[in-house]
Amino acid sequence: MSDFLTARQKMVDGQVRPSDVTDLRIIDAMLAVPREEFVPASQRAMAYLDLDLEVAPNRFLIKPVVLARMLQASDVKATDKVLVVGCPTGYAAAVIAQFAGHVTSAAGMPADGDAANGPYDLIVLAGATEVAPTGLYKQLAPGGQLVGVFALTKPARAVIVTHSHDDFGTRSLFDATAPVLPGLEKLPAFVF
């Protein structure tokens with residue numbers, strides 16, 4: 001058990017903090033949530049590595065630093081109602097639940113989100129999208145934000161989308177990669 005505590009501390013000190021994550025709520029949450037409990041037993045030794053970890057076929061836990069930087073950019077409030085999309089094991093939701101008011105995790109088809117329980121102050125994509133997730137935009141409360149890795153162009157970038165006055169503004173945050181979430185892939189184009 002102490003090996004995992006040490007690995008968790010090294011993840012925060014060696015990956016998260018050097019990437020300009022200074023929000024102590026995020027740092028404390030990542031130190032408190034045992035990432036190894038959110039991966040299959042056969043992969044626990046890799047739980048704290050700086051990689052996207054496949055936990056089921058085509059389902060991944062994204063790199064801890066990407067999650068931490070996206071959360072810092074979204075400035076989660078204690079009163080926020082948050083939806084985590086594409087969260088196959090619940091790790092991202094468990095981290096966010098340490099400092100957000102209400103967290104829902106949608107592990108099904110990411111493009112569908114969870115409209116029945118919306119609207120949301122924040123939607124976090126626990127992966128990448130190759131298309132504009134307009135169905136998820138509609139689940140944002142006025143003033144709400146969606147944060148995720150947008151692989152619409154190269155290089156892929158973490159982006160924050162804000163719902164304001166019946167419109168959606170985007171702001172690029174940083175270059176990032178993450179596996180594309182099921183249902184958010186670009187449809188193949190017809191080529192001669």
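Buried means under 20% relative accessible area, exposed over 50%, and partly exposed in between, with a 1.4 Å probe and protein chains only. The model is predicted: local features need pLDDT of at least 70, side-chain atom pairs count only at pLDDT 80 or more, and totals for chains, interfaces and linings use all residues. Residues are numbered from 1 along each chain as its sequence is written, and side-chain values use heavy atoms, with hydrogens and water left out.

**Exercise 1.** Determine where asparagine 58 lies and whether it is buried or exposed.

*Solution.* Helices (H or I, at least four residues) and strands (E, at least two) are DSSP runs, numbered from the N terminus. On that basis, asparagine 58 is in the loop between strand E1 (53–56) and strand E2 (59–61). Its phi is positive, about 60 degrees, although asparagine 58 is not a glycine. Most residues other than glycine have a negative phi. At 57% relative accessibility, asparagine 58 counts as exposed.

**Exercise 2.** Describe how the buried residues of helix H1 are arranged and what covers them.

*Solution.* Helix H1 (residues 2–16) has 15 residues and reaches 20 Å from its first C-alpha to its last, close to the 21 Å expected; the expected span is 1.5 Å times one less than the number of residues. The buried residues of H1 are Arg8, Met11, Val12, Gln15 and Val16. Seen down the axis of H1, they fall within an arc of 110 degrees, so they line one face of the helix; the arc is that of the directions from the helix axis to the C-beta atoms. The face turned away from this buried side carries the exposed residues Ser2, Asp3, Lys10 and Gly14. In terms of contact (heavy atoms within 4.5 Å), the cover of the buried residues includes helix H2 (24–32), helix H3 (64–74) and helix H4 (91–96).

**Exercise 3.** State the strand order of the open sheet and identify its edge strands.

*Solution.* Two strands pair if DSSP finds at least two bridges between them. Six strands form the open sheet in the order E4-E3-E5-E6-E7-E8, with mixed pairing. The edge strands are E4 and E8, each pairing on one side only.
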